[in-house]
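The sequence and structure come next.

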Amino acid sequence: MTNKELIISFLKKHNYNFCDDCLSSLTGISPRQSINQLCNKELYVFSKHANIKCHNCNKIKITRSLANTFENTKIKNCLKNERKFDFLWNEITSTLKPSQQIPNWTKHSGFLESEFEICSITNNAIEVFTIKDKHHRSIPKTDFENIFSKWDKYISGEIKRNELRDENKNTTYIISILKIFCKT
Ligand SMILES: [Zn+2]
């Protein structure tokens, strides 16, 4: 079993949030840094949360849990066949949690070192906090819908990122969130 498989099977059995120290001691994977590196590379498999209590040591710190999107064949099939935005929006708003950290992603560069945080989720908007410029912004559902309508063309390279950005100032956050839910 690879380290990734070990962590997945552990989190499947224990569906809670765990810090890297505890994941390391509970799975036997060492050093602890290897958990950090692995999970940061696979943020669509392992959700990362700031300031959430670890189920094992009860300390408030950065913790991981298995992403709800993992192995979610329902959404994959639905998106493949129909690409219904409402279904996707429902998945996004029911899966994201406040304090969850989302890595910035672009098609060109992949996952970047920087990330932003989810603050609140309503049926009409998602509020995010950018750690870098300490700035809150509310991204309306309609912005997601707009970018989602061009998602396939962006993924195929027909539309460049700066063309998306010209249309919408929230593109950075939207494409990073869509990347998690539209595993194309
Ligand atoms: Zn812990």
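S99 is partly exposed, with 15 other C-beta atoms within 10 Å; the class follows from counting C-beta atoms, placed from the backbone, within 10 Å of a residue's own, where 20 or more means buried, 12 or fewer exposed, and anything in between partly exposed. The residue lies in the loop between α5 (85–95) and β4 (100–106), and S99 has a positive phi of about 85° although it is not a glycine. Helices (H or I, at least four residues) and strands (E, at least two) are DSSP runs, numbered from the N terminus.

This is a predicted model, in which local features need pLDDT of at least 70 and side-chain atom pairs count only at pLDDT 80 or more, while totals for chains, interfaces and linings use all residues. Residues are numbered from 1 along each chain as its sequence is written.

N58 also has a positive phi, of about 65°, and is not a glycine. N58 is found in the loop between β2 (46–53) and β3 (60–66) and is exposed, with 9 other C-beta atoms within 10 Å. A further exception concerns the peptide bond between S30 and P31, which is cis, with omega about 0°. P31 is in the loop between α2 and α3. Most residues other than glycine have a negative phi, and most peptide bonds are trans.

Axes are lines fitted to C-alpha atoms, for helices over the stretch in contact, and angles run from 0 to 180 degrees between N-to-C directions.

| Helix pair | Axis separation | Angle |
|---|---|---|
| α2 (residues 20–27) and α3 (residues 32–41) | within 8 Å | roughly 110° |
| α6 (residues 141–148) and α9 (residues 171–181) | 10 Å | about 70° |

α2 and α3 are therefore roughly perpendicular to each other, a term for angles of 65 to 115 degrees. D20, D21, L23 and S24 of α2 make the contact with R32, I35 and N36 of α3, where contact means C-beta atoms, placed from the backbone, within 7 Å. By class, this contact has two nonpolar, two polar and three charged residues; Ala, Val, Leu, Ile, Met, Phe, Trp, Tyr, Cys and Pro count as nonpolar, Asp, Glu, Lys and Arg as charged, and the others, Gly among them, as polar.

α6 and α9 are likewise roughly perpendicular to each other. D143, F144, I147 and F148 in α6 meet T171, I174, I175 and L178 in α9. The residues of this contact divide into six nonpolar, one polar and one charged.

The largest nonpolar core has 21 residues, of which I147, I174, I177 and F181 touch the most other members. Such a core is a set of buried Ala, Val, Leu, Ile, Met, Phe, Trp, Tyr and Cys residues joined through C-beta atoms within 7 Å. Its largest share, six residues, comes from α9. A second, separate core of 13 residues includes L11, F18, L38 and C54.

L11 is found in helix α1 (residues 3–13) and is buried, with 22 other C-beta atoms within 10 Å. Leaving aside neighbours within four places in sequence, L11 is in contact with S65 and L66. The C-alpha atoms of L11 and L66 are separated by 6.1 Å, although the two are 55 residues apart along the chain.

Definitions and conventions
Angles under 35 degrees count as roughly parallel, over 145 as roughly antiparallel, 65 to 115 as roughly perpendicular and the rest as oblique. Two residues are in contact if their C-beta atoms, placed from the backbone, lie within 7 Å.
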